[in-house]
Amino acid sequence: MALDGPTYSRCSFPALRLQFVVPAGNRPDESSFLEADNPISVAVVGVGVFGRNHARVYRELEQQGEPVRLVGVVDPNLDRADAVAREFGCRAFGSVEQMLTTHSEIRAASVAATTVHHLEVARSLMTAGVDVLIEKPLAASLAEANELVQLAATHKRIAQAGHLERFNPAVRATIPLLTQPIFFEVHRLSVFTPRSLDVDVVLDLMIHDLDIVLSFANSPVKEVRAVGLPILSGKVDIANVRLEFDSGCVANFTASRVSTERVRKLRFFQPHQYVSVDYGRQEVLVFTVGADAAAPGAPTINPQIKVAKPPVTSEEPLHAELKSFLHAVRQRSTPVVPLEDGRRALVLALDIVAEIREHGKKVGLAGIAKGKS
């Protein structure tokens with residue numbers, strides 16, 4: 001089946017439609033900003049709800065003594081850009097071109113514009129010698145994701161995919177526990193908000209968990225079965241997915257942005273263990289079956305089962321993500337989540353969206369089959 005995914009309608013973001021190249025004399029000399037005490041000048045492109053949070057965290061990191069300086073924010077909605085700039089003490093710009101023309105010292109940027117503009121924005125930044133963190137989903141199509149990967153290689157840019165849950169302390173605490181995951185059960189439920197309605201819930205919410213399970217299972221996907229429905233928007237708002245991996249591992253996902261409650265949980269079973277991860281609470285519980293006396297954990301009602309709660313150091317995932325990105329920029333090292341990982345999650349998400357639409361055709365849901373907007 002085709003993996004290029006659906007054709008997404010383009011919303012207006014005219015101020016970022018540009019082909020801008022910084023003159024050779026303005027391209028950054030990498031050695032000029034790798035000193036530990038030399039702040040990295042950064043910007044945020046697109047300051048909606050999540051872009052504003054990027055600006056907030058960059059500013060907080062700066063105030064906490066991290067070697068970073070928030071120079072500016074870009075948004076075609078100048079009132080919004082001005083408000084965020086005033087809030088976090090930086091400059092507001094209506095376009096990437098305007099920002100780079102007047103502030104060639106910018107070395108790194110978060111791309112938090114609407115998904116359909118990720119390629120054009122990141123292309124302009126990377127061509128100008130700016131390293132980028134591109135929010136999820138990486139792009140609106142596989143072809144665009146491939147071009148982003150190629151652009152980063154061509155221009156030798158540090159480019160990170162913005163998969164936030166990789167930096168959730170509970171997820172990080174779970175990685176050492178992995179042995180042989182056999183079955184995953186994942187729920188990500190949110191109340192309805194008017195943001196991110198340019199993409200289906202699979203690309204909006206479920207993609208977080210797809211990325212995590214792909215990294216945990218560490219096996220190619222063999223089969224995808226999926227169903228979903230539009231409820232309050234023109235896109236799929238609730239979806240259920242079953243994946244089978246070549247390893248035999250199976251994963252069930254439920255994602256909804258029309259729930260009455262907020263749930264962020266991942267559970268998996270592996271030989272002799274059941275592990276429960278609560279993203280929101282940043283907690284991990286490990287139930288070990290048939291444990292001997294030396295196994296860690298407290299006994300439960302069943303003496304054959306012990307339960308342990310691994311230590312988790314609480315931290316806002318976005319803080320951890322941006323610090324990791326800045327470290328990669330300074331050290332010229334591979335990011336924790338390279339663009340290839342973002343591409344991998346996108347390929348699977350687009351495959352799921354295609355399966356949902358095929359299922360919609362089978363049961364006569366013409367709205368999904370036509371990708372109504």
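The questions and answers below concern a predicted model of one protein chain.

Residues are numbered from 1 along each chain as its sequence is written. As the model is predicted, local features need pLDDT of at least 70 and side-chain atom pairs count only at pLDDT 80 or more, while totals for chains, interfaces and linings use all residues; side-chain values use heavy atoms, with hydrogens and water left out.

Q: How many helices and strands does the protein chain have?
A: Helices (H or I, at least four residues) and strands (E, at least two) are taken as DSSP runs, numbered from the N terminus. On that basis the protein chain has 10 helices and 15 strands.

Q: What percentage of the residues in the protein chain is buried?
A: Buried means under 20% relative accessible area, exposed means over 50%, and partly exposed lies in between (1.4 Å probe, protein chains only). The protein chain has 373 residues, and the buried share is 54%.

Q: What share of the contacts with a separation of 6 or more joins residues 24 or more positions apart?
A: A contact is a pair with heavy atoms within 4.5 Å. Among contacts in the protein chain with a separation of 6 or more, residues 24 or more positions apart account for 71%.

Q: Why are E60 and R56 separated by about one helical turn?
A: A salt bridge puts a side-chain nitrogen of Lys or Arg within 4 Å of a carboxyl oxygen of Asp or Glu. E60 and R56 form one, at 3.2 Å from N to O. E60 is partly exposed at 23% relative accessibility, whereas R56 is buried at 16%. The separation is about one helical turn because the two residues are 4 residues apart in helix α1 (residues 49-63).

Q: Which residue forms a salt bridge with E62?
A: E62 is partly exposed, with a relative accessible area of 24%. The closest N and O atoms are 3.3 Å apart, and the partner is R59.

Q: How many residues apart are E105 and R69?
A: E105 and R69 form a salt bridge with closest N and O atoms 3.5 Å apart. The pair links distant parts of the chain, with E105 in the loop between α3 (96-102) and β4 (108-111) and R69 in strand β2 (residues 68-74); the separation is 36 residues.

Q: What accessible area do the residues of the nonpolar patch with I231 have together?
A: Patches are made of residues with over 30% relative accessible area and no salt bridge, where like charges are joined within 9 Å and nonpolar side chains (Val, Leu, Ile, Met, Phe, Trp, Tyr) within 5 Å. I231 lies in the loop between β8 (221-229) and β9 (238-245) and is partly exposed at 46% relative accessibility. Accessible areas come from the Shrake-Rupley method with a 1.4 Å probe, and for residues only the protein chains shown count as cover. F192, L229, I231, L232, I238, V363 and L365 form the patch, and together their accessible area is about 560 Å².

Q: How far apart in space are V258 and D237, C-alpha to C-alpha?
A: V258 is in the loop between β10 (250-256) and β11 (263-270). Leaving out residues up to four places away in sequence, V258 touches S190, F192, I231, L232 and D237. V258 and D237 are 21 residues apart in sequence, and their C-alpha distance is 6.6 Å.
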